[in-house]
Each structure stands twice: as C-alpha cells, then as structure tokens.
Amino acid sequence: MNNLNTSEQIKTLRRAKGLSQETLAENAGINLRTLQRIEAGDTIPRGETLRLLAQALDVPVESLVPAPAEDASFLKILNLSALSFWLLPLGGVLVPLVLWLYNRQRVAGVMELGKRILNFQITWAIIVYGITLFMVFSTFAGRFFFNPFVVVCVLFLMAFLNTAVILITHFKIVRGEGDYYGMGFRIIH
C-alpha cells in the first residue's frame, strides 16, 4: 500500500476491515471530524494521531506512511552541488553536506548518494589541501621539494579530474545507472 498516500491508505484499511468512520474514530480515541479531514486529505495525521490510527487498524505505523519517492532531479542537484569547490574553499564538502543533512530522510536515494559524494569530496579535499599546505610550509622553510609550477599544475589537474567525476556521475544519474563515487576514505558510514 505504500504507493497510496496516507489518507487513502487509512480509508482503504478502514473499509477492508468493515469499519465505519465513527467506529474507527471511537476505537482510535480521536475525534470523528479529525478522521473525516484525514480521509478527505485535508490534514495529514502525525505523531500520536497516526500511532492511534495504526493501532486501531492493527497495522504498523510505517505502513500508513508512504515511502519517500526517489527524486532524480534532487539527486542531480546534490551531485552537482559538489562543483561549488570552484567557488568556495571546501565548498565541495560543505554545500553537499548541508543538502544531505536536510534531505537525507526526505528523498529516497539521498542518504546513500550523499555519503558517497561526501566521502569522495572529503578525500579529495584532504589530498588537495594537504599538498597546498605542504607547499606553503616548504616555501616558508626556504626550500622547494618540488617545482611550484608542477605542483600548481597537479592541483589544477586534480580539480579537473574531480569535475570530471562529478559530471560523469551526473550523466549516470540522468540515465538511471547509479553513480561513479566508488573511491574515497569511508569517513561517513
């Protein structure tokens, strides 16, 4: 029944059990008018009301709440948000992190994709900023272990590779093939 919305699920279960609205409202200990508004779709039951209805219908609460729909457009936005590393230091981690924290329970697929994006971007940031800090400290020490021009070229190459991974993943999500974030430290489990 998870393809129905909550009001339709309650109405369908009530009818399947041969209960009138009055009987279900009485068994659940809720106001009849509240049940009528719920079944009409005018209000969405939450918390205690949802628990009482599930108990009166003898079903788990989870069966009354439809599963979140996978929103491919949001998955694309989450993935492309990692490109913000071009505009903000650590933007490739912080922007996807905020989107992931806010939507991981709301949109199907966000929990897992967000973890993989964040693990990849955190790994990338550690490597890039580690190399950068190493170069800064070696400059202050008065010696270069590597030619600075070569290091800057390597950093830009890494940025372009990160961009390529993000764009490849975008096109995989568009085609419904999953993602490309298989590498990176497992920081977020």
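Which ring does the charged end of Arg 104 sit over? In this predicted model, the ring belongs to Trp 100, and the charged end of Arg 104 lies 4.9 Å from the ring's centre.

Aromatic rings also meet one another here. A search through the whole structure turns up three aromatic pairs. Take Phe 85 and Trp 86: their ring centres are 5.1 Å apart and their planes are at 35 degrees, so this pair is tilted. To count as stacked, the planes would have to be under 30 degrees apart, and to count as edge-to-face, over 60. Phe 85 and Trp 86 also belong to one aromatic cluster, along with Trp 124 and Phe 160. Trp 86 comes out at 38%, so it is partly exposed.

Next, the helices. Two packed helices are described by the angle between their axes and the distance between the axes. Helix 5 covers residues 72-80 and helix 7 covers residues 110-140. Helix 5 and helix 7 pack with their axes 10 Å apart, at an angle of about 15 degrees. That angle makes helix 5 roughly parallel to helix 7, because angles under 35 degrees count as roughly parallel. The crossing of helix 5 and helix 7 is right-handed.

Finally, stepping back to the chain as a whole, there are two parts to look for: domain 1 takes in 6-64, while domain 2 takes in 72-175. Between the C-alpha centres of domain 1 and domain 2 there are 47 Å.

Methods:
Residues numbered from 1 in each chain as written. Predicted model: local features only at pLDDT ≥ 70, side-chain atom pairs only at ≥ 80, totals over all residues. Heavy atoms only, no water. Domains from an automatic or database assignment. Phe/Tyr/Trp six-rings, centres within 6.5 Å; stacked < 30°, edge-to-face > 60°. Buried < 20%, exposed > 50% of the residue type's maximum accessible area, 1.4 Å probe, protein only. Lys NZ or Arg CZ within 6 Å of the ring centre and 35° of its normal. Axes fitted to C-alpha atoms, helices over the stretch in contact; angles between N-to-C directions. Helix = DSSP H or I, 4+ residues; strand = E, 2+ residues; numbered from the N terminus. Parallel < 35°, antiparallel > 145°, perpendicular 65-115°, else oblique. Left-handed = near helix turned anticlockwise from the far one by under 90°.
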